[in-house]
Amino acid sequence: SSEDFFYDLSKLFLEYLKFSNIDLAKVYGNLGADIYGKLLSSGNLQFPIQKYYGQIAEIIKQYRDLSSDFGVININGALFHNSGANAIQEIAYSFTTALEYLQNLQSFNLNIDEIAQTMRFSFGVGSNFFMEIAKLRAARIIWTKIIREFGGNEQSQKMFIHSQTSLRNKTKFNPWSNIIRNTTECLSAILGNSNSIEV
């Protein structure tokens, strides 16, 4: 089914890497598993949520040989941002989602470090210049505190942030305003120490 696509593709990608004799320790990227993004955008899931947790846990175990720069889970804060959440709400909802993953995946014989090191965060960056910088910097501090409370190591406390310029403040009638907004939003993402940026 279409909802098993992530699971099937993940297994095929790993088989391809091994078949091609690619050094797994040098592969980086993000598979982007996003149960809650799917649930929030469509309103339902085809299978019980525990099935998806089981699939993600299996993929994390299979991908253990890849470098710590390779992600499996995507926490999509941009979804909240583009739905109207302010900076505080976006951070709160994103970390609530992350906590759900951390707590539920432990029941599949994964430890905090194995789970946390496969998580990546995507945040929307709006035109409130200084607030967006503060949001991204605060996110790193909060993540460190969360993982420390769970007993995670120093590597797990590091956070990978992908920033996306906001969609909710763009217009098809005035491209020049869009260019200015994207420019300041991109600078906010840079000054907020994003690891990657999508304009």
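This is a predicted model: local features need pLDDT of at least 70, side-chain atom pairs count only at pLDDT 80 or more; totals for chains, interfaces and linings use all residues.
Helix 5 covers residues 87-105, and helix 7 covers residues 129-150. Their axes lie 11 Å apart and pack at an angle of about 25°. Since angles under 35 degrees count as roughly parallel, that value makes helix 5 roughly parallel to helix 7. On the side of helix 5, the contact is formed by A87, E90, I91, F95, A98, L99, L102 and Q103. Helix 7 meets these residues with M131, K135, A139, I142, W143, I146, I147 and F150.

Helix 5 also packs against helix 3, which comprises residues 49-62. Here the axes come within 10 Å and cross at roughly 75°. Helix 3 and helix 5 are therefore roughly perpendicular to each other, because angles from 65 to 115 degrees fall in that class. The residues of helix 3 that take part are Q50, Y53, I56, A57 and I60. They meet E100, Y101, N104 and L105 in helix 5.

The aromatic residues come next. A search of the whole structure finds eleven aromatic pairs. In one of them, the rings of F95 and F121 have their centres 5.6 Å apart and their planes at 55°, so the pair is tilted. F95 belongs to helix 5, whereas F121 belongs to strand 3 (residues 119-125), so this pair ties together parts that are 26 residues apart in sequence. F95 has a relative accessibility of 5% and counts as buried. F121 likewise counts as buried, at 1% relative accessibility. The ring of F121 also pairs with that of F123: their centres are 6.1 Å apart and their planes stand at 20°, so this pair is stacked. F123 is buried as well, with a relative accessible area of 0%. Ring pairs link F95, F121, F123 and W143 into a cluster. Two members of this cluster, F95 and W143, are also listed in the contact between helix 5 and helix 7.

Another aromatic ring, that of F47, has a charged neighbour. K51 lies over the face of F47, at 3.5 Å from the ring centre.

Helix 8 spans residues 175-191 and contains N182. Leaving aside residues up to four places away in sequence, N182 touches T165, K170 and V199. The C-alpha atoms of N182 and S127 are 8.1 Å apart in space, although the two residues are separated by 55 residues in sequence.

Backbone geometry brings two further asparagines into view. Most residues other than glycine have a negative phi. N21, although not a glycine, has a positive phi of about 55°. N21 is found in the loop between helix 1 (5-19) and strand 1 (29-33). Its relative accessibility of 71% means that N21 counts as exposed. N193 is not a glycine either, and has a positive phi of about 65°. N193 lies in the loop between helix 8 and strand 5 (196-198). With a relative accessible area of 43%, N193 is partly exposed.

How values were computed. Residues are numbered from 1 along each chain as its sequence is written. Side-chain values use heavy atoms; hydrogens and water are left out. Rings of Phe, Tyr and Trp (its six-membered ring) pair if their centres lie within 6.5 Å; planes under 30 degrees apart count as stacked, over 60 as edge-to-face and the rest as tilted. Helices (H or I, at least four residues) and strands (E, at least two) are DSSP runs, numbered from the N terminus. Buried means under 20% relative accessible area, exposed over 50%, partly exposed in between (1.4 Å probe, protein chains only). A charge sits over a ring if NZ of Lys or CZ of Arg is within 6 Å of the ring centre and within 35 degrees of the ring normal. Axes are lines fitted to C-alpha atoms, for helices over the stretch in contact, and angles run from 0 to 180 degrees between N-to-C directions. Angles under 35 degrees count as roughly parallel, over 145 as roughly antiparallel, 65 to 115 as roughly perpendicular and the rest as oblique. Contact means heavy atoms within 4.5 Å.
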